[in-house]
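Reader: I'm new to this one. Can you put it up and take me through it?

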Amino acid sequence: MERRKFLTGAAVAGAATTLAAPSVAQGKIEMALVSTWPRDFPGLGLPAQRFAARIQELTDGEIQVTYYAAGERVGAFDSFDEVASGNAQGYIGADYYWKGKHPGFAAFTAIPFGLTYTEMDAWTRYAGGQELWDELGAEFGVKALAMGNTGVQMGGWFNKEINSLDDMKGLKMRMPGLGGDVLAKIGASPVSLPGGQIYENLVSGAIDATEWVGPFNDYFMKFYEAAKYYYFPGMHEPGAQLCVGFNKAFWDGLSDNHKAIITAAAAEENTQTMAETNANNGAYLTRLINDHGVELREFNDDVYEGFGEAAEEVIEEARDHSDLSKRIYDSHLKARAEIGAWTALSDTAYVQKRNRVLNR
């Protein structure tokens with residue numbers, strides 16, 4: 001697909017932006033979507049492909065979407081720059097990958113000890129999250145929408161038991177986002193790798209441990225071939241929000257109808273990905289344990305307290321980056337307090353009592 005030609009724009013906050021209207025060929029709008037996920041990968045890759053096809057379907061082909069999995073057009077972690085520059089029209093991934101550009105991006109995927117899926121959805125849609133996301137994205141020439149969630153993630157795969165924070169010291173572990181910064185605080189060595197590179201690094205011993213998502217996604221990565229212990233719960237991504245980001249000039253040039261269709265398709269996939277993950281996690285956890293001898297372990301309270309203390313420091317450092325970062329994190333933490341208070345009285349309280357009654 002021939003790349004679109006753009007006018008050169010001014011640099012904003014160190015990021016080059018490009019001004020252009022959507023490219024139209026024979027009455028069709030051309031959209032290149034670059035992804036951070038491998039092609040045909042269950043749990044993340046397939047929903048991304050499903051979303052790309054859905055846009056074309058709902059617009060009756062008025063928007064022609066060409067989907068590129070990680071590495072097919074650019075590397076997974078190059079997708080943001082490909083879109084911000086205008087070389088592609090959209091990326092699919094998780095915005096905490098771009099925290100090196102601005103720490104505020106991490107808050108729109110997940111922060112350690114942050115929001116669950118339902119809380120994240122509430123914050124983004126009704127408690128000021130989307131407006132702050134738009135403000136941050138505009139500094140880099142992008143417009144992002146929530147497009148999937150993984151729920152509470154597992155704590156990760158380890159080749160040894162973790163009984164204290166000392167067991168984490170010196171451990172080379174794949175963990176992006178602010179969760180990786182928490183690892184660094186407690187003496188581990190965080191490594192950021194695209195999904196398609198994790199297995200080979202774990203098998204070779206280049207890393208000692210990794211987090212990914214949960215049983216449904218992790219099963220197909222075959223981490224069980226290299227690590228025996230599977231820990232829960234993950235402190236780093238309690239409700240990891242996935243997203244689609246568009247070149248802002250491209251987005252602004254779309255009709256209101258096309259914007260509404262894309263927004264609806266993203267909201268649809270946001271719900272569908274979470275439902276698919278919840279429907280499959282239990283079954284695939286059973287397979288990991290029964291078929292592959294994986295040993296399920298729970299982080300003890302001492303380890304989790306250590307995670308919590310480090311997380312507070314990491315979040316405060318991210319908050320202190322700039323005025324916008326402060327407003328983003330203040331809003332996120334306010335949502336954790338207010339929306340989380342209702343979660344404690346509703347979902348959490350009910351599930352605890354339900355399980356006590358059923359297991360008595």
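Reader: Which helix gives the largest share of the lining of the largest pocket?
Author: This is a predicted model. In it, α11 supplies 6 residues of that lining, the largest share.

Reader: Which helices each supply at least two residues there?
Author: They are α3 (117-126), α9 (256-292) and α11 (323-358).

Reader: What volume does the largest pocket have, and which residues lie nearest its centre?
Author: Its volume is about 700 Å³. The lining has 20 residues, and T116, G151, V152, N278 and V351 lie nearest the centre.

Reader: How does that lining divide by class?
Author: It has 10 polar, 8 nonpolar and 2 charged residues.

Reader: What about the second largest pocket, how much space lies in it?
Author: About 210 Å³. Its lining is made up of F113, G114, T116, V152, P233, G234, M235, P238 and Y304. Of these, 6 are nonpolar, 3 are polar and none is charged.

Reader: New topic. At what angle do α5 and α10 pack?
Author: Helix α5 (residues 177-185) and helix α10 (residues 301-319) pack at about 120°, and their axes are 9 Å apart. The two helices are therefore oblique to each other.

Reader: Left-handed or right-handed crossing?
Author: The crossing of α5 past α10 is right-handed.

Reader: Which residues meet there?
Author: From α5, L178, D181, V182 and K185; from α10, F307, A310, A311, E313, V314, E317 and A318. By class, this contact has 7 nonpolar residues, 4 charged and no polar.

Definitions and conventions. Residues numbered from 1 in each chain as written. Predicted model: local features only at pLDDT ≥ 70, side-chain atom pairs only at ≥ 80, totals over all residues. Heavy atoms only, no water. 1 Å grid on protein atoms, 1.4 Å probe; cavity = no way out; pocket = protein on both sides within 12 Å on 5 of 7 lines; lining within 4 Å. Points joined across faces, edges and corners; volume = space filled by probe spheres on them. Helix = DSSP H or I, 4+ residues; strand = E, 2+ residues; numbered from the N terminus. Nonpolar A, V, L, I, M, F, W, Y, C, P; charged D, E, K, R; others polar. Axes fitted to C-alpha atoms, helices over the stretch in contact; angles between N-to-C directions. Parallel < 35°, antiparallel > 145°, perpendicular 65-115°, else oblique. Left-handed = near helix turned anticlockwise from the far one by under 90°. Contact = heavy atoms within 4.5 Å.
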